[in-house]
Amino acid sequence: MNPLRSLILAAAENDAIRRVVATTPGSRSVVDRFVAGETITDVVRVVRRLADDGLCSTLDYLGEDTHDKAQAERVVQAYLALLDRLHAEGLADHAEVSVKLSAAGQRLDHDLAVRNAHRICAAAEQCGTTVTLDMEDSSVTDDTLAALAELRRTWPWVGAVVQSYLRRTEADVADLATPDSRVRLCKGAYAEPPEVAFPDQHDVDLNYVRCANALLAGGAYAMFATHDPRLVAVLAERIRWYGRKRGSYEYQMLYGVRPDEQRRLAAEGETVRVYVPYGEQWYGYLMRRLAERPANLTFFLRSLVSR
Ligand code: FAD
């Protein structure tokens, strides 16, 4: 992995750096570019704006690695309140939620996290939308896929996420690529050792295409999460080759990243879903975005010193 990327991902775990970034006034403008705000009202405003542009959303209440039950409960309550509000505002057709099991208590107790996820799924079903389980670092891949299988027994529409940088992912996709199975395919955002993840970006991209083929061939509802223009072009060709109709797959991109491309695809009639994070715990998320793209880092550093 690129040393700069490793450094930023290490900073994502560092509490002292988090405090410095959180209290530096200039960091706000960078946060605002990638995060919808801190409250439900903020995120609802963004969902409505995106819907007006023909874009769907998946909403992430920021927070990961919950280490006590009370915090896990606060996360569940935040999702329940969010789903309630989406329903009340008539936005449930446009927005689903993305949930990190670690925020729901996964590192504390698998069963607790699954019970909490069930509660979020029940609320989502009631308001007519869906849930996708974000995929985190490789220490929880098995546990997350096991939780997914448990949840899908009751809620078959729960979305899975697979990461093409992991060597294991092609085999996971072979299991998940069944008709109507909702699967988000992304490259992967965490620092992983070479035994577990391809160190070379070219291999990550090749694996992305192999996994995309398997999802399209298997009849899954594929959710292609990437900003990579080369991959978007390859995907368009693969989708045509497999004779996939619009509405049987979608593109996904992050809030604040390539917004013009999001609108271009939507204007062509594609389903495009924007991943919209909100909440007070934006630090780890922001660091992963900066690690992905040196241009974002330059923008960030410049905004810190230009105050
Ligand atoms: P990259 O290799 O980062 O970039 C490829 C090319 O895309 C660049 O060369 C550039 O041309 C273009 N590009 C990228 N960023 C920008 C930018 N800011 N501005 C302009 N052009 C840009 N990761 C997980 O590990 N787990 C998850 O659950 C997860 N969920 C995700 C959900 C969504 C909807 C998305 C979009 C990503 C998610 N990710 C997740 C993150 C993902 O794994 C990647 O880290 C992230 O998407 C960057 O990869 P990329 O495919 O965009 O390609």
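A residue is buried if 20 or more other C-beta atoms lie within 10 Å of its own, exposed if 12 or fewer, and partly exposed in between, with C-beta atoms placed from the backbone. The model is predicted: local features need pLDDT of at least 70, side-chain atom pairs count only at pLDDT 80 or more, and totals for chains, interfaces and linings use all residues. Residues are numbered from 1 along each chain as its sequence is written.

**Exercise 1.** State where Met135 lies and why Met135 counts as buried.

Solution. Step one: Met135 is in the loop between strand E3 (131-133) and helix H7 (141-154); helices (H or I, at least four residues) and strands (E, at least two) are DSSP runs, numbered from the N terminus. Step two: Met135 counts as buried because it has 25 C-beta neighbours inside 10 Å.

**Exercise 2.** Which strand supplies the largest share of the shell around the ligand?

Solution. Step one: strands E4 (160-163), E5 (182-186) and E7 (249-254) each supply at least two shell residues. Step two: the largest share, three residues, comes from E7.
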